[in-house]
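Thanks for coming, everyone. Let me put the structure up, and then I'll walk you through it.

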Amino acid sequence: MKVLKGVLKEELANSLGMQKNYERELAKLPQGSLVKKTIKGRNYYYLVSRIGGKVVFAYKGKVSDEEVREYKKAKEYRAKYRKLLSETKKQIKFLRSTLRGKEPV
Amino acid sequence: MAKNQYDLCIDVLRRLESAGILQYIVLVGSWCTLFYKEYFEGTGYTPLLKTRDIDFLIPEPSRIKTKVDIAELLKEPGFVVGFTGSQGYIRLEHPELIVEFLVPEKGRSTDKPYPLPQLGINAQALRFLDFLSKHTITVHIKGMSITLPHPAHFALHKLIILQRRPDQAKSSKDEDAAQRILHSLIRKGEKKFVRDVFNAMPPRQQKLVRKAIDKLNDPEVADVFA
């Protein structure tokens with residue numbers, strides 16, 4: 001029992017650290033998502049983001065292929081990190097409730 | 001769908017293999033007990049309780065000449081860089097797995113991280129790790145050759161370090177691991193080998209092992225060292 005409790009405590013500490021690290025990585029990613037609009041056969045890029053509950057389109061003008069790739073990658077990582085952050089939060093909840101039992105953690 | 005822990009572990013090993021790093025690594029810690037299944041086949045061996053930490057020992061860091069960014073290598077499956085301890089040991093974290101790198105501590109004891117510039121990370125230097133890489137075995141998992149410490153070395157190493165643990169729970173976990181591995185070795189008929197490994201240890205380490213064995217109060221295990 002002592003071994004199991006020790007392992008769970010260690011895992012809780014790990015998950016708490018992990019939560020901070022995923023939040024840090026999410027904050028590092030560029031905000032918004034790049035969208036392409038084709039107007040009269042020409043491509044124009046806008047950066048879509050939500051500011052204060054409102055969806056805002058900011059005109060980006062000409063965008064290099066590399067920048068498009070970067071935004072695409074950032075979008076993928078944002079989705080991945082959010083999912084993993086949510087998993088981490090679930091683990092924290094589970095570990096806290098398991099450890100708590102009838103004793104204070 | 002989220003990858004399960006085992007699949008993720010295999011993915012990490014595969015990435016290290018394709019980067020040409022796996023050959024320099026000995027898998028240590030609780031995860032290697034999972035891979036002992038192949039070695040102990042037919043003995044009724046069941047793997048031990050393992051945490052999310054997967055420890056990779058690099059016995060000779062200077063042998064790695066290839067430049068590989070480990071953090072970048074493991075970014076795609078969702079690992080992020082985490083720092084632990086007051087000195088900032090780097091580890092790669094994922095809700096299912098935490099990857100840590102270790103090197104054997106040589107000379108004066110220090111808690112400073114050991115830099116591994118060729119891998120873009122640092123490692124924790126720990127005492128007695130060279131004992132784990134002294135005699136290794138190779139297991140074949142999903143087409144990969146994975147190096148593990150010989151179970152006898154693994155068990156005796158646990159008996160040495162459990163006395164240095166400040167955390168009682170970790171110490172009990174080490175005790176449990178050593179005892180179960182030693183029983184599996186006895187069932188496999190490797191009693192003599194364990195005794196030979198023990199006899200080849202320096203007297204100070206033998207003393208530590210004996211002390212731990214006495215505490216175990218397990219006649220079958222004690223008989224190996226009689």
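Predicted model: local features only at pLDDT ≥ 70, side-chain atom pairs only at ≥ 80, totals over all residues.

Some ground rules. Residues are numbered from 1 along each chain as its sequence is written, and chains are lettered from A in the order in which they are written.

The complex gets an ipTM of 0.81 and a pTM of 0.87 from the predictor. Chain B has a mean pLDDT of 92.

Chain A. Two helices and three strands here, in the order α-β-β-β-α from the N terminus. Helices (H or I, at least four residues) and strands (E, at least two) are DSSP runs, numbered from the N terminus. With a radius of gyration, taken over C-alpha atoms, of 21 Å, well over the 13 Å that the globule rule gives for 105 residues, chain A is more spread out than a compact globule. That rule is 2.2 Å times the number of residues to the power 0.38. The C-alpha trace spans about 70 × 30 × 15 Å along its principal axes.

Now chain B. Its domain assignment, automatic or from a database, gives domain 1 (1-149) and domain 2 (151-226). Their C-alpha centres lie 23 Å apart. Domain 1 gives 15 residues to the contact and domain 2 gives twelve; contact means C-beta atoms, placed from the backbone, within 7 Å. Which element gives domain 1's side its largest share? That is α2(B), with four residues.

Terms used: pLDDT = per-residue confidence, 0-100. Contact = placed C-beta atoms within 7 Å.
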